[in-house]
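Visitor: I have a model open and some questions about its side chains. Could you take me through them?

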Amino acid sequence: MGKPLFYEILEKPATSCIIGICSAIWFYIRKKNIGYSHVGLSYETVIEGHYWRIITSAFSHIRVIHLVFNMIELWFLGGAVEELGHLGLGVEYYLQYTLVLVVLSGLLVLGMYHILIQRFKLEYFRRIPAVGYSCVVFGWLTILAVKQPSSKLDIFRFFLLPISFAPFESLVFTSIIDPRAGFLGHLSGIVIGYAIASGLIHGMNNYWALSLLGWIILVFILSLKTSGAVDFNFLEIESVTDPSLSSVRFLGSDKNHYLNYHL
């Protein structure tokens, strides 16, 4: 018999929290009848200033089957990473590079869209909304494939898959069983995963992770404001003498007094 679920959750705290967040967001999306266009990442919306979609798209799922498949894979992959502290991985490494995977895989998808639209004139990719945690899942699958090439990936407790071939096998398999799955999103996760595992992207620690998180939060809030997605009454952004700078004002109860910050 396996371990009780409660003990497995305690052994995978970071993975369990992420699964809980994604599940809660899916429940909210379903309850509010939110669609792809509201939270998805598309080239057209990002060039209009909706940078916050890089984050919302990663943690959002519209179809329940998409959520289930991603979270099951994350349960095994994330748990494996958290338990491999002796190989230089572990919980801190998992959280630090999850941030990197979320941001860089989203930016890489946009870069691929840009090339397909501008170079090959494929306007179809201008409005495609991408959602889901698949980029991060494929990223961790790739990292494990490089770090432990001889190990096996336990899929759904039914069969073992050689993890060294798992990233591209999963890419093809997913495209076959679900043609609507984001091929470019999965591919971007694999590319960023290889960059991390090979050391091309390296040097993350708690300081840099917290700094990156701070910038993510700042850009997220400012882009929500400037794009008009959310009306923050306490936050105003106005131009200053230097057009390359912007002024952020946090209003208090007396609108004649405020703190003025230049970015």
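Visitor: Which side chain makes a polar contact with the side chain of H186?

Guide: First, the ground rules: this is a predicted model, where local features need pLDDT of at least 70, side-chain atom pairs count only at pLDDT 80 or more, and totals for chains, interfaces and linings use all residues. Residues are numbered from 1 along each chain as its sequence is written, and side-chain values use heavy atoms, with hydrogens and water left out. A polar contact is a pair of N or O atoms within 3.5 Å; within protein, one must be able to donate a hydrogen and the other to accept it, and residues adjacent in sequence count only if both atoms are side-chain atoms. At 3.3 Å, the partner of H186 is S134.

Visitor: Is H186 buried or exposed?

Guide: Buried means under 20% relative accessible area, exposed over 50%, partly exposed in between (1.4 Å probe, protein chains only). H186 has 5% relative accessibility, so the residue counts as buried.

Visitor: How many aromatic pairs does a search of the whole structure find?

Guide: Rings of Phe, Tyr and Trp (its six-membered ring) pair if their centres lie within 6.5 Å; planes under 30 degrees apart count as stacked, over 60 as edge-to-face and the rest as tilted. Searching the whole structure gives 8.

Visitor: What is the angle between the planes of F59 and Y133?

Guide: Both residues, F59 and Y133, are buried. Their ring centres lie 5.5 Å apart. The pair is tilted, with the planes at 45°.

Visitor: Which residues do ring pairs link into a cluster with W140?

Guide: Y94 and W140 have ring centres 5.2 Å apart and planes at 35°, so that pair is tilted. Both Y94 and W140 are buried. Joined with W140 in the cluster are Y93, Y94 and Y97.
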